[in-house]
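Walk through this model with the structure open beside the text.

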Amino acid sequence: MNRVTLRGRAEEMERLLGALRHTTRTGCGSLVAVVGEPGMGKTTLLRDAAEQTRRKGFAIGVGKAEEIDQVAPGAPLLLALRSGARPLVDADAFAGLEPLYERPLWLVDRVAELLEGLAARQPVLIGLDDVQWADPLTRFALRYLPSRLAGAPVVWLLTSRLAPIDRLEDVVGACDPAVAVTRVPLGPMRAADLDALAADRLGAVPDARTLQLLRGVGGSPFWAVQLLTGLARRRARGLPENDLHAELIASIRQRLAMVPPPVAAVVRVVAVLGRVASAEMVADLVGDTTPELVFAAALQGQDEGLMVLAGDGLSLPHDLIREAVYAHIPPVERRRLHRACGRRLERDGAGPLAAAPHFRASAGPGDFEAADVVLRAAAQSAHVMPEQAAELAREAVARLGRDHPRRLETGERALAVLIDAQRESDVIGLADAMLPFAGTPAAVARIEVAVGRALWANGACRELERRAGAALERAAVPEVERARLLALRALAATRTPSAPAAAPAAAAADAEGRRLGDDLTRQIALLALTEAGRNFGDHAQVLAYFDELHAIAPAAHRPERIRALQHLDRYAEAAGLLAAAREDADGDLDRLLPSYLYAQMWQHHNLAELDAADATARTLLRQAEALRHFTYAMNARMILCGVAIYRGELGRARELLAPLESAAESADELRASRLRLMLAWLAAEAGDPAEALRIVGPLLDAADNGCHAWAWSPPWMRVFGDAARRAGDAERAARALHIAELGARRNPGVATLEGVALHLRGHLGGDVADVRATVAVLRRSPRPIPLAAALHDLGSALAAGGDTPGGLAALREAHAIYARVGASAYAGAVAGELAALGGPARRRPPAGPPRALTGRSALTETEARVAGLIVAGHTNRSAAAELGVSANTIGTHLRAIFAKLGVNSRVQLTNALRTGDQR
């Protein structure tokens, strides 16, 4: 088919090229969204823009999403990486992506790393056509990559139809503010431009008949070219023109009817395949022919404008032609061809994901072969594309109907897929639909076990406890399923009023699992024992249970084990495990799974490495929001809020908590309690201890009932005990002291827990000896902030008692610790006392007011160092090597720097810092 001339798109092309110039000028990323109805020239615009961009020195990668391949994970993006004569990624690097296909975060981040390295040498354009058909992994990548590469000269040129447009809007909505977004709508071409196009094609001014026909194409350049090509062909052959009209789908069907049957058969098969196909595959699907004859037929089809012969094989010239041909194939023949395509792909080893679209298109009611392929595709995509896996699993079961003899087997397989995909609500819905026809007690029990695992993940512990109990009351429950249900009931009890009985029940279930040799029972029971231990603050026992879990399932619960070590002040061992995880992630912290980022974030926070905690939390938040994972997002916001409080940025802290407050009503009790803790701390810091107690009081009253673990994290009781003292609530203050001392007794030898309890006793009782002893204990703790808080109280108490030199020494040390870790608000409070005593802090000036939110004074110490390195000419990678962090962490810092300085490029950053621009 002839190339479509780019007529009438000068304004649209100028807007698109303006985005490219922005990236070239600033060195920052941008995204261009080209939107229009089918046939309006989106593909042509993308192709011409890519060609012009190539001439300007960009590296180019272009891919296309196909409607038939929406279950092929990442296909359009991966095609873009390897397209053209000079692919963006070489063969070795591309092969290195294969082991990461089941780890989408790692895969996408490795792609980002490859593109970032390329962009350091030349600007990059990634063009993806027909994003409305993009698969879930590609959509996830597009939500993540433009923001991840906001500081690199990478342009994302995406095209989409107007319907459905939600996938493109999802990508645009996820963009970081630093990514310049340009929208380019493509509407119908003007009549004058269509007339000029006709003159180009026909070599003469179009006559009245041609103009009349052109007015009937709805301004579509594609259909205009089809019409003009048909006219030229008919005139060259002396054929009448009166049967050619604006309904060009009918014209294409006419053309298909006019070619020899072998040509039509080849075109129909390629239309059903929906992708570039080899002559050998087409010959097999057509039947009774050879690849040579297929190739000859394709050449003839190309002469008729119905086929394209490329280096990779045979394809159709345009999606609209495919749609017209496909719609003209009789339904029975279409289903036959789809089934043949699916079976051929299965035989070729393409896998169920490639074959599933064809089995879905050819399936009828009760079609077990199709249901089996679809379910295997769901299982293959559960970790990569959980939303798609859930859809496929539900479809496989629905396909069979209630009376199919293999529905129960298929349903149980679907439940396993949904559990792997973490689609807990779908598990519960499908299981409830299966129970009425489960038939045997064993099947009912297996389904209830699946429901139980889903209810635990959803936080619906009371319902889990109820359902597991009801299932255990049924007759003839097999031993293994009974043991699993007992373990699940014990697990649920750790977060219900039954919590005091959870540990004995879990221990009994673990013993039963040992007897039966059932690892799943043991895993659930041991997890219940860890939860029960955490609820009572017995951190050493929790760690022992995690060690047992590790022996059964080495890859499971590692981040939770790291958190147990942190609660025991064993930060060096936790650091070793995190280092091993980073090594497994090729040294890049930001490629860690979210669960490890969660553990690393708390490691930084507890050791008062506030800049690192802030950067890691922002990375986790970005990943969590891309994955739509509420729990990780909540914890990331908790850390960001805590860091803001230490820095005196209370307004920023409130902003960080606001999204959690809107979601708190639908959150489970555990997650809602964490939000209340943060809100209470914020109220206390804002000088409203009564409001803090109103928020946290019910939690404090029930802190030692064995239902929650929050009370055994050391700083909380110091915060809320002090709030109770300031609010005049002696009962709540005594309650906080009781909890703190209970935690210390249950964890002998843990300096942080022992020190916080001793500190609170001295603080509430005004006993200087207790506070002095606190300082001695906390010097053995690896956590700096509790020590600084004790030194602050000691200094204040000594000064108030007349020992001004002793008070000044303690206050100076507290100030030095706070200033060193960046807790500027706390350092400022100490500095005020030092000034009142006539003794300014040594070596460091007293902390001023809380750090500004914008301008150079808003930069943290780490951000200032990063900015200095970038201004000096470092890339993200070389700055990362200089500071001993990952390139992604440098990118996270840069986004914060840009926001605080009001700039959006490295050039502007350099100018701002060199001219002293405070913005």
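Of the 17 residues of helix H26, 13 are buried, so the helix is largely enclosed by the rest of the structure. This is a predicted model. H26 spans residues 519-535. From first C-alpha to last, H26 reaches 24 Å, close to the 24 Å expected at 1.5 Å a residue. Just after the helix comes Gly537, with a positive phi of about 70°.

Now step back to the other end of H26. Asp518 sits in the loop between helix H25 (502-516) and H26. Is Asp518 buried or exposed? Its relative accessibility is 10%, and buried means under 20%, so Asp518 counts as buried. Its side chain makes a polar contact of 2.8 Å with the side chain of Arg484. Leaving aside neighbours within four places in sequence, Asp518 is in contact with Val480, Arg484 and Gly513.

Thr496 lies between helix H24 (479-493) and H25. The relative accessible area of Thr496 is 1%, which means that this residue is buried. Which residues does Thr496 touch, not counting those up to four places away in sequence? They are Cys461, Arg462, Glu465 and Cys707.

Ala476 has a positive phi of about 60°, although it is not a glycine. It lies in the loop between helix H23 (461-472) and H24. Ala608 also has a positive phi, near 60°, and is likewise a residue other than glycine. Its loop runs between helix H30 (594-606) and helix H31 (610-627). Their surroundings are described by opposite words. Ala476 is exposed, with a relative accessible area of 61%. Ala608 counts as buried, at 5% relative accessibility.

A further alanine belongs to a helix. Ala327 lies in helix H15 (residues 319-328). With a relative accessible area of 45%, Ala327 is partly exposed. Leaving aside neighbours within four places in sequence, Ala327 is in contact with Arg253 and Arg334. Arg253 is 74 residues away along the chain, yet the C-alpha atoms of Ala327 and Arg253 are separated by 9.5 Å.

Turn next to helix H19, residues 386-400. This helix has 15 residues and reaches 22 Å from its first C-alpha to its last, close to the 21 Å expected at 1.5 Å a residue. Which residues of H19 are buried? They are Gln388, Ala389, Ala390, Leu392, Ala393, Glu395, Ala396, Val397 and Leu400. Just after H19, Gly401 takes a positive phi of about 85°.

Now go to the sheet. Strands of a sheet pair through backbone hydrogen bonds, either parallel or antiparallel. Here five strands form an open sheet with parallel pairing, in the order E2-E3-E4-E1-E5. Which strands stand at the edges? They are strand E2 (59-64) and strand E5 (180-186). Each has a single partner strand, so one side of each is left without a neighbour in the sheet. Neighbouring strands are turned by 15° against each other on average, direction ignored.

One pair can be followed in detail. Strand E1 (residues 30-36) and strand E4 (residues 154-160) pair in the parallel sense over six bridges. Within this pair, Ala33 has Leu158 in E4 as its bridge partner.

Helices pack against these strands. Helix H1 (residues 10-26) lies across E1, strand E3 (124-129), E4 and E5. H1 runs at about 165° to E5. Helix H2 (residues 42-55) also packs on the sheet, touching E1, E2, E3, E4 and E5. The direction of H2 makes about 165° with that of E3.

Last comes confidence. The chain averages a pLDDT of 84, and 89% of the residues score at least 70. Over residues 243-247, the pLDDT is below 50. Beyond near neighbours in sequence, this stretch has 14 contacts in the model. Residues 842-849 also have a pLDDT below 50. That stretch has 13 contacts in the model, again beyond near neighbours in sequence.

Conventions: Residues are numbered from 1 along each chain as its sequence is written. This is a predicted model: local features need pLDDT of at least 70, side-chain atom pairs count only at pLDDT 80 or more; totals for chains, interfaces and linings use all residues. Side-chain values use heavy atoms; hydrogens and water are left out. Two strands pair if DSSP finds at least two bridges between them. Helices (H or I, at least four residues) and strands (E, at least two) are DSSP runs, numbered from the N terminus. Axes are lines fitted to C-alpha atoms, for helices over the stretch in contact, and angles run from 0 to 180 degrees between N-to-C directions. Contact means heavy atoms within 4.5 Å. pLDDT is the predictor's confidence in each residue, from 0 to 100. The expected span of a helix is 1.5 Å times one less than its number of residues. Buried means under 20% relative accessible area, exposed over 50%, partly exposed in between (1.4 Å probe, protein chains only). A polar contact is a pair of N or O atoms within 3.5 Å; within protein, one must be able to donate a hydrogen and the other to accept it, and residues adjacent in sequence count only if both atoms are side-chain atoms.
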